[in-house]
Amino acid sequence: MTTTAKKWLERIHALPLEGVTKIMNVCGGHERSITMAGLRKVLPDEIELVPGPGCPVCICPEEDVFEAIQLALNEDIILIAFGDMLRVPVNVSKTRARTLEQAKAAGADIRPIATPREAVDIAAQNPDKAVVFFAAGFETTTAPVASMLVQGVPKNLFILLSGRLTWPAVAMLLDSGQAAFQTLIAPGHVATVMGPEEWQFVPEEHKMPAAVAGFSPESLLAAMYSVLRQRVEGKAFLDNCYPELVRAGGNPTAQAQLKTSMDVVDANWRGIGVIPQSGFALSEAYAQHNARKQFPSYAEDARKRAGEMPPGCDCAKVVLGQIYPDQCRLYANACVPRNPVGPCMVSDEGACRIWWSGGVRKNAVS
Amino acid sequence: MCLGIPMQVKSIDQYQAICEAKGIERDVSLFMLQDEDIRPGDFVVVHVGYAIQKISQQEAQSAWEVYDQMLAAEDALAEELVDAPGA
Ligand code: SF4
């Protein structure tokens, strides 16, 4: 740990904290940094760091993954997706493909990509084939998809968009009155793109201390100190502990590109349900690239129990910060990274997988 | 998925740049930063192949120290998964 990080830690230890304070983060990158740097072990016992809705793969609706699998299996297309999505399971009988990876093994043309530019390249290289880009992600990932569209894409590229906004999930938690945390650390790269102002509602409407943090232990500890000190002093404002990247207003060019190509709509979150104004959908101007409009829907009503997780999987509670990963009965038992049961163990941003990588190898309840 | 990586701009061809970090070069789109003045030698934070913001060299360096730590831990897991019997 660097000297600056140690200094922040000392300051945190010197605060006159009373009772337990829970600090929620809403970014898989934050959770990774916290876990890998071992911050939980060095903070005072009264501070609990709660991973929240920070994993876009985990909350991507089951029906969207199902749709992508069915499109890949039944249509004459190339399906591309960010690599993380390939192992996310849906709830179907064992005889059917449960993941994109299994659909690929069954003969579907499915290719993982690392950037939307690859989607454009693959479509350009296969002009006679329809290419469907299953694009799941939060603002930081959806903005590049918007940028790609605005710059111009081949006719044969279609987007199966599953983009989500992070702040409405936090707003939903706070509005429910059941938020099990007292302070919030806001996601640094989401704020870099969208601007920190999006998080102003946390202190203003809910009188809850908040701070935008970067990904170094220094920045995270500075943000923790900020929200804890606000709490001790009975204040609530939005601090920016990542000023090197997060500017007032964010990245206006990226926001303009999002606005041109996408609308903000009510959207379903896996295991959570519909959250108002929390999703991106392609705007009318881009309807010719909208896979949802250009291909038949494979939704099966009988199967469509909204927001379902695999049986026994507590991802929904993990994502909402209601339990810690190792409190799911399957953690480290039936569910391990080699054989993941739920999406939180599949994705690098999933709290279950992060905790496992960080060395938590035992179940806390069984 | 929301973690951007700092890279140095090596060359620019309109909206596409070649950027480098840790000796690895990548094509990076500058389309989201088209209203900023970006030149070879500058540092940018790159997410899924798109530069999302400029960053100073010093900040790029300190960010890399953190990522090295994270990546090492994840590599260890990846190896464990490969080595594991029945994987
Ligand atoms: S441990 Fe596995 S089953 Fe349990 S919540 Fe996490 S991903 Fe789901």
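## A buried alanine in chain A

A:A186 has a relative accessibility of 0% and so counts as buried. This alanine belongs to strand β7 of chain A, which covers residues 183–187. Apart from neighbours within four places in sequence, A:A186 is in contact with A:H30, A:W199, A:A211, A:V212 and A:A213. From A:A186 to A:V274 the C-alpha distance is 22 Å, and the two are 88 residues apart in sequence. The structure described here is a predicted model.

## A buried threonine in a loop

A:T99 sits in the loop that runs between β3 (77–82) and α6 (100–105) of chain A. Is A:T99 buried or exposed? Its relative accessibility is 7%, so A:T99 counts as buried.

The side chain of A:T99 reaches the backbone nitrogen of A:Q102 at a distance of 3.0 Å. Leaving out residues up to four places away in sequence, A:T99 touches A:I69, A:L86, A:R87, A:V88 and A:P89.

## Chain B on its own

Chain B contains 5 strands and 1 helix. Read from the N terminus, its elements follow the order β-β-β-β-β-α. Of the 87 residues in chain B, 46% are buried.

Among the contacts in chain B with a separation of 6 or more, 36% are between residues 24 or more positions apart. The accessible surface of chain B is about 4,400 Å², and carbon and sulfur atoms account for 47% of that surface.

## Where chain B meets chain A

The size of an interface is often given as the accessible area lost when the parts come together. For chain B and chain A, the area buried between them is about 3,500 Å², with 62% of it on carbon and sulfur atoms. In this interface, 34 residues of chain B are in contact with 44 residues of chain A.

Sorted by class, the side of chain B that touches chain A has 21 nonpolar, 7 polar and 6 charged residues. The rule also finds 1 salt bridge across this interface. It joins A:R247 to B:E36, whose closest N and O atoms are 3.3 Å apart.

## Salt bridges

Side chains of opposite charge can pair when their charged atoms come close. Over all chains, a search of the whole structure finds 13 salt bridges. One of them is between A:R292 and A:D64, with the closest N and O atoms 3.1 Å apart. This pair links distant parts of the chain: A:R292 is in helix α14 (residues 291–294) of chain A and A:D64 is in helix α5 (residues 62–74) of chain A, 228 residues apart. A:R292 counts as partly exposed because its relative accessibility is 41%, whereas A:D64, with a relative accessible area of 6%, is buried.

A:R111 forms a salt bridge with A:D109, and their closest N and O atoms are 3.0 Å apart. A:R111 counts as partly exposed at 29% relative accessibility, and A:D109 counts as partly exposed at 25%. A further salt bridge joins A:E233 to A:R229, with 2.9 Å between the closest N and O atoms. A:E233 is partly exposed, its relative accessible area being 38%, and A:R229 is partly exposed at 36%. A network of salt bridges links A:R229, A:E233 and A:K235.

Most residues other than glycine have a negative phi, and most peptide bonds are trans. A:Q277 has a positive phi, near 50 degrees, and is a residue other than glycine. A:Q277 is placed in strand β11 (residues 273–282) of chain A. With 40% relative accessibility, A:Q277 counts as partly exposed.

In chain B, B:Q14 is not a glycine and has a positive phi of about 55 degrees. Where does B:Q14 lie? B:Q14 lies in the loop between β1 (5–13) and β2 (16–21) of chain B. The relative accessible area of B:Q14 is 66%, so this residue is exposed.

Definitions and conventions
Residues are numbered from 1 along each chain as its sequence is written. Chains are lettered from A and ligands numbered from 1 in the order in which they are written. This is a predicted model: local features need pLDDT of at least 70, side-chain atom pairs count only at pLDDT 80 or more; totals for chains, interfaces and linings use all residues. Side-chain values use heavy atoms; hydrogens and water are left out. Helices (H or I, at least four residues) and strands (E, at least two) are DSSP runs, numbered from the N terminus. Buried means under 20% relative accessible area, exposed over 50%, partly exposed in between (1.4 Å probe, protein chains only). Contact means heavy atoms within 4.5 Å. Accessible areas come from the Shrake-Rupley method with a 1.4 Å probe; for residues, only the protein chains shown count as cover. Buried area is the accessible area (1.4 Å probe) that two parts lose on being put together, summed over both. A salt bridge is a side-chain nitrogen of Lys or Arg within 4 Å of a carboxyl oxygen of Asp or Glu. Ala, Val, Leu, Ile, Met, Phe, Trp, Tyr, Cys and Pro count as nonpolar, Asp, Glu, Lys and Arg as charged, and the others, Gly among them, as polar. A polar contact is a pair of N or O atoms within 3.5 Å; within protein, one must be able to donate a hydrogen and the other to accept it, and residues adjacent in sequence count only if both atoms are side-chain atoms.
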